[in-house]
Amino acid sequence: PMRHPDFCNNRKAAMDMKYMVHDYEAMCLSLKSTSRIVLIDMGASLSFHRRGVVPIVHLLNEYKKFGFVFDHIYGFEITQQDPNEVYNDLLPEEFMSSYHWINVGVNATHGGKLNPLDSILRSFNEDDLVVVKLDVDTTSVEVPLAKQLLNDDSLNKLVDQFYFEHHVFMNEIAPSWGTSMEGSLKDTFDLFSALREKAVAAHFWP
């Protein structure tokens, strides 16, 4: 669960993102001439997976293949990194004009400036195509944010695609997740099903 099925027999498939399914046609048909295409990336390290293709860059390239070019990309990352390295070495040049590197961690305080669901997401509207990725490896922050998105209909109506690495107890990936695991796969399926019932296309993030 939550990974490419080949991961069960081959740990090298842990970051293979071919399992994700998107309805690009529906996304395209929903766009208006005034629509903005936005990514809010919580946990935006561009160096964590430097041995291969960075997952978020892979996702951006997948959208690009279907004609979706992001107007704004907000990257929140708690690990301090030299902006010169981010912009000169790590970020592909094609995303320079839309990328906002915000080198601080997010929090789940309702109404807080560092809660992107409140401080950034609310700046957009239902005509925009909004993508949210949540992977900060801290359950006490991630889960409240995911639940805020689920329970606040003024927020979930603004989000089209949601990617979340939910750190629940799972033997297959325990060596990588360690003490960050909390809850069960049932919790994950309940959360993602409830989001999908509210028209938020929820995906497992690797």
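## A look inside

The structure holds 1 cavity of 30 Å³ or more. Here a cavity is a set of points, on a 1 Å grid over the protein atoms alone, where a 1.4 Å probe fits but cannot get out. The largest cavity has a volume of about 40 Å³, where volume means the space filled by probe spheres set on the points, with grid points joined across faces, edges and corners.

A quick word on the basis: this is a predicted model, in which local features need pLDDT of at least 70, side-chain atom pairs count only at pLDDT 80 or more, and totals for chains, interfaces and linings use all residues. Residues are numbered from 1 along each chain as its sequence is written, and side-chain values use heavy atoms, leaving out hydrogens and water.

## Around the cavity

Which residues line the largest cavity? They are Leu39, Asp41, Leu46, Ile56, Val57, Leu60, Ile73, Leu91, Phe95 and Tyr99, lining residues being those with an atom within 4 Å of a point. By class, that lining has 9 nonpolar, no polar and 1 charged residues. For these classes, Ala, Val, Leu, Ile, Met, Phe, Trp, Tyr, Cys and Pro count as nonpolar, Asp, Glu, Lys and Arg as charged, and the others, Gly among them, as polar.

Strand S1 and helix H2 (55-65) each supply at least two of the lining residues, and the largest share, 3 residues, comes from H2. Helices (H or I, at least four residues) and strands (E, at least two) are DSSP runs, numbered from the N terminus. In H2, Pro55, Ile56, Val57, Leu59, Leu60 and Tyr63 are buried, that is, under 20% relative accessible area with a 1.4 Å probe and protein chains only. These buried residues pack against helix H1 (24-30), S1, strand S2 (72-76), S4 and S5, with contact meaning heavy atoms within 4.5 Å. After H2 comes Gly67, whose phi is positive, near 90°.

## The sheet

Now for the strands. An open sheet of 6 strands has the order S3-S2-S1-S4-S5-S6, with parallel pairing; two strands pair if DSSP finds at least two bridges between them. Strand S3 (99-102) and strand S6 (201-204) stand at the edges with a single partner strand each, so one side of each has no neighbour in the sheet. On average, neighbouring strands are turned by 15° against each other, direction ignored.

Let's walk across part of it. S1 and S4 run parallel and are joined by 6 bridges, with Val38 having Val130 in S4 as its bridge partner. Strand S4 (residues 129-134) then pairs with strand S5 (residues 161-164) over 4 bridges, again in the parallel sense, and Val132 stands opposite Phe162 in S5. Another 4 bridges join S5 to S6, where Gln161 has Ala201 as its bridge partner in S6.

## Covered strands

Is S4 enclosed or open? Of its 6 residues, 6 are buried, so S4 is largely enclosed by the rest of the structure. Both faces are covered, with Leu129, Val131 and Lys133 buried on one side and Val130, Val132 and Leu134 buried on the other. In a regular strand, side chains alternate between the two faces of the sheet. S5 is also covered on both faces: Gln161 and Tyr163 are buried on one side, Phe162 and Phe164 on the other.

## Helices and a pocket

Helix H5 (residues 139-151) lies across strand S1 (37-42), S4 and S5, running at about 160° to S5. Helix H8 (residues 185-197) packs on the sheet, touching S5 and S6, and its direction makes about 150° with that of S6. Axes here are lines fitted to C-alpha atoms, for helices over the stretch in contact, and angles run from 0 to 180 degrees between N-to-C directions.

H5 and H8 each supply at least two residues to the lining of the second largest pocket. A pocket is an open set of points with protein on both sides within 12 Å along at least five of seven lines. This one holds about 180 Å³ of space, and the largest share of its lining, 5 residues, comes from H5. Its lining residues divide into 5 nonpolar, 3 polar and 3 charged, among them Thr139, Phe164, His166 and Asp187.

Technical notes
Buried < 20%, exposed > 50% of the residue type's maximum accessible area, 1.4 Å probe, protein only.
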